[in-house]
Amino acid sequence: MTVPKVSIIIPIYNVAPYIIQCLDSVYNQSYSNYEVILVNDCGDDNSMEIIYQYLTHEKLAITKIIHHNQNKGLSAARNTGIKYAKSEWIYFIDSDDYISPNCIESFVHIINRYQTIDIVFGTAQFIPYKWREYNISVNLDSIPEYSLNRKWINKSFFIHDSLPITAWNKLIKKQYITKNNLFFKEGIIHEDNLWHWHIGKTVKSIAFNKETTYFYRYVPNSSVNKPYNKINMHSEAIIIKEMFKSITPDYFFRKFIYI
C-alpha cells in the first residue's frame, strides 16, 4: 500500500466548546502521513487560546497555523487551507465535528484500490442523532464503491439528496481542485451547493467510502442552521447566477427543477 500524504484542513471560528474533541480525533489517527492546517478566521471566543494550550511540540511538527487578518468566512478559510496544503490529497473537517480513529486510513485504502480517483465521498452520522434534513451518507446498496461511468455520475449529481453535498468528509486530489479551479465562492453561505455543482460538471472518476468516518454535530444557531433570512436569499441568488454562467444543456433540467 502506498502512503500518500494528506492535508487535513480545519477552519477555526468560535468553536471553543468543541475544538478539543475535533483535534483529538485528528491527531489520534491510525494513519500517520498527514499534515494539519488550522486556519484562524478571527472569531471572538477563546478557540485559538485553547488550541495553543493543546498543541504539543510533537503535534506542532505536523501542523501549520494560518491567521486571517479579519473574519472572512468558511469559504475563504478553506481556500486558504488549499493554498497552503503541500499534500497530494486534501480532507476538510469543520471544527465543531470529529472523525473516527481510522478515518484517513480508510480513505487511503480506497485510493490505493482505484488509481484514477479524483474524489472519494464519505459516510457521516449526525451527533446528536436527529432525523436527517439532508443526506450525509453513501452507504446505500445502490451506490457502487467506484465509478468511471460519466452518465451515472452526472445523474447522481443531478438528483438532490442522492449524494452528500457537503465539502467535509471527502478525500480530494489537490491537482483536481487546482486544475478545475474548484475553490469556494467567498462571501456567501451554503457555498457547498455551488462547489458540489462544479464537481458534478468536472469529475471523471469517483469512489465511495461506506464506512462511517465523520460525526457531524448539529448546532442549531450555526450560520447554516439558522431560520431562513435575507442572507440565505442573497447567497442562493448568487449561487443560481454562478450556475447559469456554466450551464450546459445536459446539466440543466433536473438540477433546476429542484431549485
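Start inside the protein: the largest cavity has a volume of about 40 Å³. A cavity here is a set of points, on a 1 Å grid over the protein atoms alone, where a 1.4 Å probe fits but cannot get out, and a volume is the space filled by probe spheres set on the points.

Before you click further, note that this is a predicted model, where local features need pLDDT of at least 70 and side-chain atom pairs count only at pLDDT 80 or more, while totals for chains, interfaces and linings use all residues. Numbering runs from 1 along each chain as its sequence is written, and side-chain values use heavy atoms, with hydrogens and water left out.

Now select Gly 122, Ile 136, Pro 164, Thr 166, Trp 168, Asn 169 and Lys 170, which line that largest cavity (lining residues have an atom within 4 Å of a point).

Next, go to helix H4 (74-84); helices are DSSP runs of H or I with at least four residues, strands are runs of E with at least two. Eight of the eleven H4 residues are buried, meaning under 20% relative accessible area (1.4 Å probe, protein chains only). Color Ser 75, Ala 76, Ala 77, Arg 78, Asn 79, Thr 80, Gly 81 and Ile 82 to see them. Their packing partners include strand E1 (6-12) and helix H8 (191-202), with contact meaning heavy atoms within 4.5 Å.

Last stop: Ser 87, in the loop between H4 and strand E4 (89-92). Ser 87 is buried too, at 6% relative accessible area. Show the side chains of Ser 87 and Ser 7 and you'll find a polar contact of 2.7 Å (a pair of N or O atoms within 3.5 Å; within protein, one must be able to donate a hydrogen and the other to accept it, and residues adjacent in sequence count only if both atoms are side-chain atoms).

How values were computed: 1 Å grid on protein atoms, 1.4 Å probe; cavity = no way out; pocket = protein on both sides within 12 Å on 5 of 7 lines; lining within 4 Å. Buried < 20%, exposed > 50% of the residue type's maximum accessible area, 1.4 Å probe, protein only.
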